[in-house]
Amino acid sequence: MSAFFIIAAIVVIFAFGREAILLKQTGWDRLSQKYPCRAAFAGKYKGCWWAQFTVVGPKSKTVVNVGRMSRWPIRLEFPPYWIGADPQGLYVKRNAWNLRHSPLLIPWNKIQSANEITYQDLVRNSSPGAALVRQPMALHPFMAVAKGIGGQLLELKLSDPSLSIVAQLAVFEEARRFLSGKLRLLNSQGIESSTTRP
C-alpha cells in the first residue's frame with residue numbers, strides 16, 4: 001500500500017509543479033491579477049485544443065505551446081482551454097482540475113489587436129531550436145500542418161501585461177463581432193483586410 005501512496009504523491013507533485021510552471025510561463029498569473037472573472041459566464045464556451053502564449057519580458061521572450069492539434073474529430077481528452085465572449089469581454093478558463101488557473105475576463109478595450117496569422121508566422125516567431133527539441137512535436141502547430149492539419153489562426157495582443165495569445169480562429173467565432181475595428185483577417189491572397197462583421 002505504501003508504494004501506491006508514493007506513486008500518488010509523485011503524480012500530485014508533478015501535476016502541481018506543471019501547473020505552477022504554466023501559470024508563470026503563459027503569463028496567466030499576471031492575467032488573473034489584472035482580469036479576474038468574478039461572475040460565472042452565462043454564455044456557451046467553445047473548446048480550444050491548442051494555444052500559444054508569448055510573454056514579453058524586459059530582457060527576454062517566452063513562447064509556450066499548450067495542448068495539441070489533431071486530425072481526428074473524436075478525442076479521448078478535454079480541451080486545455082475554453083473560450084467565451086459577450087459584450088463585457090473575452091472569457092478564458094481552464095478545466096476544473098487546473099486549480100491554480102482562475103478564470104479570466106479580458107475586457108475588449110484591453111485587447112490591443114486581433115490579427116489572423118499564418119503557420120509560417122509561428123515558425124518565425126517560435127522558440128529557439130533547443131526549446132523545440134525539449135518539447136513534444138505534437139505541441140507545435142507547424143508540425144501539425146506537416147501532417148495535414150490546418151485551420152486559420154488568430155493572434156490577440158495585449159499591452160498590459162505585454163503578451164499575445166494565438167489559437168485557431170474558429171474558437172473566437174463569438175468574439176469576432178465584439179472586436180470591432182481591431183480585427184484583421186487575411187483574404188485568399190494572404191493580404192490583410194479589416195472587418196467588423198462576425
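R94 and E19 are both buried, where buried means under 20% relative accessible area, exposed means over 50%, and partly exposed lies in between (1.4 Å probe, protein chains only). The model is predicted: local features need pLDDT of at least 70, side-chain atom pairs count only at pLDDT 80 or more, and totals for chains, interfaces and linings use all residues. Residues are numbered from 1 along each chain as its sequence is written, and side-chain values use heavy atoms, with hydrogens and water left out.

**Salt bridge count**
- A salt bridge is a side-chain nitrogen of Lys or Arg within 4 Å of a carboxyl oxygen of Asp or Glu.
- The count under this rule is 6 salt bridges.

**R94 and E19**
- The side chains of R94 and E19 form a salt bridge, at 3.8 Å from N to O.
- This pair links distant parts of the chain, 75 residues apart: R94 is in the loop between β5 (89–93) and β6 (104–107), and E19 is in helix α1 (residues 2–25).
- Helices (H or I, at least four residues) and strands (E, at least two) are DSSP runs, numbered from the N terminus.

**K46 and E173**
- K46 forms a salt bridge with E173, with the closest N and O atoms 3.8 Å apart.
- K46 is in strand β1 (residues 46–48) and E173 is in the loop between β9 (162–168) and β10 (183–186), so the pair links distant parts of the chain, 127 residues apart.
- K46 is partly exposed because its relative accessibility is 34%.
- E173 is partly exposed, with a relative accessible area of 48%.

**E174 and R177**
- In the salt bridge between E174 and R177, the closest N and O atoms are 3.6 Å apart.
- E174 has a relative accessible area of 41%, so E174 counts as partly exposed.
- R177 is also partly exposed, at 48%.
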